[in-house]
Amino acid sequence: MLLPSALRARLAGAPGAAEPLPVERSPAARAAPFGFVPRPVRFPREHEFFEDGDVQRHLYLQDVITQVAEAPEKSRVPEFTCQVAGCCQVFAALEDYQHHYHMMHGNACSLCSRAFPSEHLLDAHILEWHDSLFQVLAERQDMYQCLVEGCREKFKNTQDRKDHMVRLHLYPADFRFDKPKTSRGPSMPGAIADLSTRTLADDGDAMEVCPSPMTLSSAPVSEKRTYSHRVPSTICFGQGALRGFKSTKKKNKHH
Amino acid sequence: MPIFSSFCMWSQRQSLLRRVACGVEELRCRRREREAALRKARRERQLVSKRLLREAPEEAAEEGAAAVLGEAEIQHFLRLAQRGTEEKKREEALVTLRQGLQHLETQQTFIRLEGSMQTLVGLLTCNRALLQLEAARCLHELSHSEQSMVAEACLPATSYLLTYLSGHSSNFIELCLYTLGNLIVESEAVRKQLLPQGIVPALASCIQSPHMAVLEAVGYALSQLLQAKEAPEEIIPCILNSTLPQHMLQLMQPGPKLNPGIAVEFAWCLHYIICRSTMPCLSPMELYLLWRCCCWTWLRLSREQRMQDWSCLSLQLACPVIRCLSNLLTEVAVEDVEGQMQLGDERVVAALFILLEFFLQKQPSLLPEGLWLLNNLTANSPTLCTSLLSLDLIEPLLQLSSLSNMVLTVLCNVAEKGPAYCRRLWPGPLLPCLLNTVTLSDTEVVGQSLELLQLLFLYQPEAAQDFLQQSGLQALERHREEVQLQDRVRALQQTALHG
């Protein structure tokens with residue numbers, strides 16, 4: 001196809017166009033048997049006109065999806081340990097460490113070192129578990145926010161909230177990031193174990209450094225977890241997690 | 001927080017894609033077969049199906065040579081993953097499980113096993129990040145199954161997949177998005193769960209990620225959602241009410257950072273929104289922004305299609321942008337068009353021709369769509385019709401006349417605007433072209449030629465003389481008996497002979 005040489009130059013030029021030529025239509029133009037009328041054309045979605053474009057799109061997607069399904073090659077490095085205090089996990093690939101860091105230390109509560117998958121859930125946790133003002137307000141008004149991102153509903157208590165999430169949002173009744181808060185008691189430094197010595201049974205629990213029992217009454221004494229706002233001085237995981245952070249996230253706000 | 005972007009999956013994939021998409025010789029034959037299968041599926045209205053989204057499992061399995069796993073083996077690996085003592089062994093158990101899950105038999109055995117999905121979900125949400133990742137990969141395999149029963153067995157995991165979209169681990173989020181993309185396509189029943197679970201707000205949160213791979217995956221998942229058959233009533237209004245449209249437009253804004261892979265996905269999303277909404281859904285301002293966005297992308301495409309990063313993706317991006325622009329032109333009334341949308345920018349037409357040349361070389365099947373855009377641009381625009389003339393684009397246009405009837409329609413768009421336009425069309429290369437098209441047997445092509453001739457004879461009487469001298473009348477004679485053409489043929493012959 002032979003294009004005028006000035007065309008590319010025009011593309012690089014200013015927006016706009018030459019003054020349009022005067023339009024002067026004669027009524028004879030559309031007189032029978034002729035009937036051309038200029039009009040923009042619209043094709044319905046399933047029209048065969050779009051077949052080629054759709055097929056090319058799909059071929060492209062096939063290539064993309066096939067590659068996503070393959071596990072990526074990892075960039076191997078000499079073994080190193082996670083630098084967050086209290087975490088002794090060892091890694092030999094940077095992608096693995098990246099994922100670990102984000103999931104385990106990314107949205108971690110500095111007070112009880114539970115890790116959360118998102119800022120949203122961490123914020124809710126800090127409010128509901130560690131904020132005494134929240135407790136006071138909750139006695140008078142609906143404070144428990146729905147945990148589904150984008151939903152602004154608030155509830156009187158965790159049970160009402162759970163009912164809402166199950167009924168309206170079709171969430172599972174045992175949603176693992178909606179654990180009820182345990183009762184308070186004397187602080188047990190040993191209970192907040194450091195990651196490397198945690199028992200394997202703990203790993204079955206969702207995301208949390210220290211798993212909380214599903215119901216309060218049946219918790220065996222050795223697993224009973226109590227939290228006070230004062231972190232025992234022998235444990236410094238909280239500050240360790242903070243030390244790993246340059247950004248000022250909300251988890252700092254209780255210090 | 002250290003940034004690991006150089007190690008993300010995406011950059012590796014982009015370089016692989018570049019090799020694949022740019023036509024590796026050995027793959028051409030296979031590609032033709034895939035293309036034939038896709039055409040068939042489209043004709044049967046089955047193109048939006050994940051069955052076709054991946055190479056056949058047998059081929060994938062060839063490389064890994066993973067074996068089918070039986071019930072006992074699956075149980076063994078699950079138990080090992082859940083309760084093993086060594087971290088490494090636990091991960092390996094899940095890797096082996098995932099490889100086995102590439103086979104349909106393993107998938108079916110897995111879902112029949114009691115508690116298996118529950119265990120997998122437990123691993124997906126456990127406090128070992130790498131186990132989570134491997135569990136997510138197993139889930140991804142399952143979500144991809146051709147059998148509905150298998151994919152639907154993944155439903156207990158969706159609330160977690162959605163929750164994880166608000167996190168920060170880009171590789172993981174990407175995987176969750178592609179898994180959700182598979183599930184979205186599965187069935188209306190699945191979408192009826194995903195919508196109340198908040199997939200739209202989750203995507204709206206994800207689209208703010210700084211990671212390229214995540215953005216591309218969001219675009220993909222969203223494009224699948226928008227193709228659902230219930231999209232116009234159930235999904236599009238929800239999306240239009242969210243912050244997604246403004247983020248999409250932002251991602252396609254003018255600027256050096258426009259990433260073609262991401263632009264491709266969102267261009268398709270915008271196209272699905274525009275062509276599928278049941279009522280005028282965008283405000284004039286939004287229409288304008290969209291128009292501007294598409295025009296800018298279009299101009300950028302024409303400049304960069306030869307550049308390395310863009311060349312393989314240009315064709316992928318051109319198609320949805322053409323469709324967006326063309327459909328937008330049918331949405332808006334004539335009076336609004338020239339004013340509000342600043343339609344009178346002839347660079348859009350210049351860009352179109354540069355891209356038509358590119359299509360001619362690389363993908364001729366896109367030419368009809370490009371010419372369709374040209375028709376919609378010129379139909380009601382004296383400015384752009386004048387541009388075609390002033391930029392000397394009539395002759396290049398005529399070179400494409402054998403490829404589409406739209407060429408003649410566009411010429412009619414120009415000619416019907418009156419004598420000032422026809423004077424520029426005749427004399428010139430138009431005569432030999434019309435003398436040729438008028439002799440063809442395709443009634444539509446001939447019909448359009450006759451309309452064009454009539455306009456030219458009316459506004460530029462010399463044209464009739466030239467036509468006569470070049471034996472045009474004889475050329476018309478052959479269609480005298482053709483029902484659809486005879487009235488017009490006779491009328492033209494009259495005009496030519498008697499003025």
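Tutor: In this predicted model, contact means heavy atoms within 4.5 Å. We may begin with the two chains.

Student: How many residues does the contact take from chain B and from chain A?

Tutor: Both chains contribute to the contact, and each side is counted separately. The numbers are 137 residues from chain B and 104 residues from chain A.

Student: What area do chain B and chain A bury between them?

Tutor: Carbon and sulfur atoms carry 59% of the buried area. The total that chain B and chain A bury between them is about 11300 Å².

Student: How many salt bridges are counted between chain B and chain A?

Tutor: One of them joins the side chains of Glu416(B) and Arg25(A), at 2.8 Å from N to O. Over all chains the count comes to 27 salt bridges. Between chain B and chain A the count is 11 salt bridges.

Student: Which helix of chain B gives the most residues to the side that touches chain A?

Tutor: The side of chain B that touches chain A has 57 nonpolar, 44 polar and 36 charged residues. The helix that gives the most to this side covers residues 346-362 and supplies 9 residues. Its name is helix H21 of chain B.

Student: Why does the salt bridge of Glu346(B) with Arg10(A) join two chains?

Tutor: The closest N and O atoms of Glu346(B) and Arg10(A) are 2.6 Å apart. Glu346(B) lies in helix H21 of chain B, whereas Arg10(A) lies in helix H1 (residues 7-12) of chain A, so the two chains joined are B and A.

Student: Are H5(B) and H8(B) roughly parallel or roughly perpendicular to each other?

Tutor: Two packed helices are described by the angle between their axes and the distance between the axes. The axes of helix H5 (residues 87-100) of chain B and helix H8 (residues 129-143) of chain B come within 9 Å and cross at roughly 10°. Angles under 35 degrees count as roughly parallel. H5(B) and H8(B) are therefore roughly parallel.

Student: Into which classes do the residues of the contact of H5(B) with H8(B) divide?

Tutor: The contact includes Leu94(B) and Arg98(B) of H5(B), together with residues of H8(B), among them Leu131(B) and Glu134(B). By class, the contact of H5(B) with H8(B) holds 7 nonpolar, no polar and 6 charged residues.

Student: Are H3(A) and H8(B) roughly parallel or roughly perpendicular to each other?

Tutor: The axes of helix H3 (residues 94-106) of chain A and H8(B) come within 8 Å and cross at roughly 105°. Angles of 65 to 115 degrees count as roughly perpendicular. H3(A) and H8(B) are therefore roughly perpendicular.

Student: Which residues of H8(B) meet H3(A)?

Tutor: On the side of H3(A), the residues are Asp96(A), His99(A), His100(A), Met103(A) and Met104(A). By class, this contact of H3(A) with H8(B) has 5 nonpolar, 3 polar and 1 charged residues. The residues of H8(B) are Ala129(B), Leu130(B), Gln132(B) and Leu133(B).

Student: What is the omega of the cis peptide bond that joins Trp426(B) and Pro427(B)?

Tutor: Most residues other than glycine have a negative phi, and most peptide bonds are trans. Pro427(B) is found in the loop between helix H26 (419-425) and helix H27 (430-437) of chain B. For the bond from Trp426(B) to Pro427(B), omega is about 5°.

Student: Where is Leu170(A), which has a positive phi although it is not a glycine?

Tutor: The phi of Leu170(A) is about 55°. Leu170(A) belongs to chain A, in the loop between helix H6 (158-167) and helix H7 (237-243).

Technical notes: Residues numbered from 1 in each chain as written. Chains lettered and ligands numbered in written order. Predicted model: local features only at pLDDT ≥ 70, side-chain atom pairs only at ≥ 80, totals over all residues. Heavy atoms only, no water. Axes fitted to C-alpha atoms, helices over the stretch in contact; angles between N-to-C directions. Helix = DSSP H or I, 4+ residues; strand = E, 2+ residues; numbered from the N terminus. Parallel < 35°, antiparallel > 145°, perpendicular 65-115°, else oblique. Nonpolar A, V, L, I, M, F, W, Y, C, P; charged D, E, K, R; others polar. Buried area = accessible area lost by both parts, 1.4 Å probe. Salt bridge = Lys/Arg side-chain N within 4 Å of Asp/Glu carboxyl O.
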